[in-house]
Amino acid sequence: MALFGKKTKESEISEIMLPAHVGIIMDGNGRWAKKRGLPRKAGHTEGARTFRKIARYASEVGIRYLTVYAFSTENWRRPEDEVGALMKLFKSYLEEAIRDFKDDDIVVRFIGDKSGFSPELQELMDENEECSKDRDGMVLNIAMNYGSRDEIVRAVRNITADVQSGKIGADAISEQLISDYLYTAGQPDPDLIIRPSGEYRISNFMLWQSAYTEFVIMNKLWPDFQKSDFDEALKIYSQRNRRYGGV
């Protein structure tokens, strides 16, 4: 956890306690489009622009880990045309990211079950991870085909297989071991999760990792989310008294 935030041209964040790891549930794209009489895919396109802006800004102010919820395991249930539009948007974004983020000191990682996507999308994900792996700036986790219950089930299956093969003993199973089998292994748990759109739900996002996470709910749809809103969430977080079950 950083002791002080960075002062940037557009930020008022300075000399406050920064979270090391921030999660964002990028919610409200569809409602944003509906309010404007636009197709839902227009909201997703605008939401992608907001994501690029906020990801870079988080890196600039000194966040070490940022995890964004882009596409859940449940999102496959949406109308076929909307899912298809999202897949096209992901492809476009991933192609652009290889070019656009090349000068950013951001390590890109994808968490979730990649096998659910087309071979073309999987290849683009792998390429983004490969070309950014040697950077030493903020780690950007993009959760795609991600669901926390699915992540925990996957971890339990892998632990069971390793116990059965003799790689680990059953008595070695601990909270830390389970954390080590999650997609976010080796990373600190999120200190702060931000949910735009005013909804009070965790939506199957980082259930294990967020046991003591601070939540900030903001009554603003994701495409309208600004750098100043991110600053405000950081300020709210800095005023929280985190006791971790103590006094």
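Author: Buried means under 20% relative accessible area, exposed over 50% and partly exposed in between, with a 1.4 Å probe and protein chains only. Strands (E, at least two residues) and helices (H or I, at least four) are DSSP runs numbered from the N terminus. This is a predicted model, in which local features need pLDDT of at least 70 and side-chain atom pairs count only at pLDDT 80 or more, while totals for chains, interfaces and linings use all residues. Residues are numbered from 1 along each chain as its sequence is written, and side-chain values use heavy atoms, with hydrogens and water left out.

Reader: Why is strand β5 largely enclosed by the rest of the structure?

Author: On one side of β5 lie Leu192, Ile194 and Pro196, on the other Ile193 and Arg195, and both faces are covered. Strand β5 covers residues 192-196, and it is largely enclosed because, of its five residues, the number buried is five.

Reader: Which residue in β6 stands opposite Ile193?

Author: Strands pair if DSSP finds at least two bridges between them, and β5 is joined to β6 (residues 214-218) by five bridges in the parallel sense. Within β6, the residue opposite Ile193 is Phe215.

Reader: Which residues have the most contacts inside the largest nonpolar core?

Author: A nonpolar core is a set of buried Ala, Val, Leu, Ile, Met, Phe, Trp, Tyr and Cys residues joined through side-chain atoms within 4.5 Å. The largest one has 43 residues, and those with the most contacts inside it are Ile24 and Phe230.
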